[in-house]
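Hi,

Here is the structure I said I'd send over.

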Amino acid sequence: LGGAALGTILQAIVSNIQPGEVSSEILSAVAAAARVEELQEALVAATAGAMVARGGEEGGGHYHLWAAALLRVITPHLPPARISAHVVPALIRLAGTRTLGTRLCVASACARVVQRCSADPGACGEVCQLLDGFVELGDQDVTVAVIGAITEGVGGGGGNAEGVFVKWSASKLLQLSRVTAHSSHLQLGEAGLTRRRQCATALVQALQAIVVIENVESVHACITPSLDALLRADDLLDEATQSMCNAMLKDQKGMTNPDSKSDFKVSEMFSKMSDKVSTVSDKISKPKISMPNVEVSGVSESMSGWKDKMASKM
């Protein structure tokens, strides 16, 4: 069979896949197919088109979840022009869903978009607007997912020093660091404190990813106040993370003071402390989404609870 015929067959299979049939094996197969240029158009049509559209059917929310998961695995293999034209609009549409799992997948997919399209200010600008909307929801899990997307996007190849995403990320990290530090004084119970600690730890990881970008004054101008804000909220960071923040802060002050003699290396400090630092849950800070391994009934039950929660916020 030729590429066109294989593409037609693949599109039919993916477009008609049932949520209960999605597995890690299918995701791996779709990712492998995405590496074949002749099949990319069919995959994009199936995931960014047909599956997203089916999510609009009654009870079709699962299709949005799996469409987001599939877009996440094929994006690293697509050319930037196709991502900008098809994947980004599909992610924007999927971002409107009220299910937590889909939003987490979309946030992670956004990181992969900026990795591939770091030189495209239009695509990166749309991603920034999408993630801004997620932050405005006020949901802590989604906010941590956004911070994870910043870490993955900047650290995984989207760290174009003059790029839209990097500059947006620096200002967003400053905003979230101040909000997180101030909210530490609120009496929101042990669960609230745990979530804020997760957020603070994720922020430190994102700052560690962005601090290595050189020669961008607007970026580095946001790092010092971000670190200061997190360090003032001493109930949010464990001792090892505080030490890492102090080390980065020392390095930043050394950069702004050329006469300061210091051979300190942030990367060395990070490697020594990485095994001590509390990490954010894998589903967010290490965005390898494991949701496709979950049975449909389990997804349905978990998603329905979150759908009610998110509906109350919209």
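A quick word on burial before the details: a residue is called buried when its relative accessible area is under 20%. Keep in mind, too, that this is a predicted model.

Let's start with Arg 112, which sits in helix H6, the stretch covering residues 100-116. Its relative accessibility comes out at 17%, so Arg 112 counts as buried. And what does its side chain reach? The side chain of Arg 112 gets to the backbone oxygen of Arg 72, at 3.2 Å.

Next, Leu 131, in helix H7 (residues 121-136). Here the relative accessibility is 0%, so Leu 131 is buried as well. Leaving aside residues up to four places away in sequence, Leu 131 touches Ala 107, Cys 110, Val 146, Ala 149, Phe 165 and Trp 168. I also looked at Leu 131 against Lys 172: they are 41 residues apart along the chain, and their C-alpha atoms are separated by 9.9 Å.

Then there is the helix pair H2 (residues 24-34) and H3 (residues 37-54), whose axes come within 7 Å and cross at roughly 130°. That angle is why H2 counts as oblique to H3. On the H2 side the contact is made by Val 30, Ala 33 and Ala 34, and on the H3 side by Leu 39, Gln 40 and Leu 43. Sorted by class, that contact has five nonpolar residues, one polar and no charged ones.

That's what I have for now.

Cheers

Conventions: Residues are numbered from 1 along each chain as its sequence is written. This is a predicted model: local features need pLDDT of at least 70, side-chain atom pairs count only at pLDDT 80 or more; totals for chains, interfaces and linings use all residues. Side-chain values use heavy atoms; hydrogens and water are left out. Helices (H or I, at least four residues) and strands (E, at least two) are DSSP runs, numbered from the N terminus. Buried means under 20% relative accessible area, exposed over 50%, partly exposed in between (1.4 Å probe, protein chains only). A polar contact is a pair of N or O atoms within 3.5 Å; within protein, one must be able to donate a hydrogen and the other to accept it, and residues adjacent in sequence count only if both atoms are side-chain atoms. Axes are lines fitted to C-alpha atoms, for helices over the stretch in contact, and angles run from 0 to 180 degrees between N-to-C directions. Angles under 35 degrees count as roughly parallel, over 145 as roughly antiparallel, 65 to 115 as roughly perpendicular and the rest as oblique. Contact means heavy atoms within 4.5 Å. Ala, Val, Leu, Ile, Met, Phe, Trp, Tyr, Cys and Pro count as nonpolar, Asp, Glu, Lys and Arg as charged, and the others, Gly among them, as polar.
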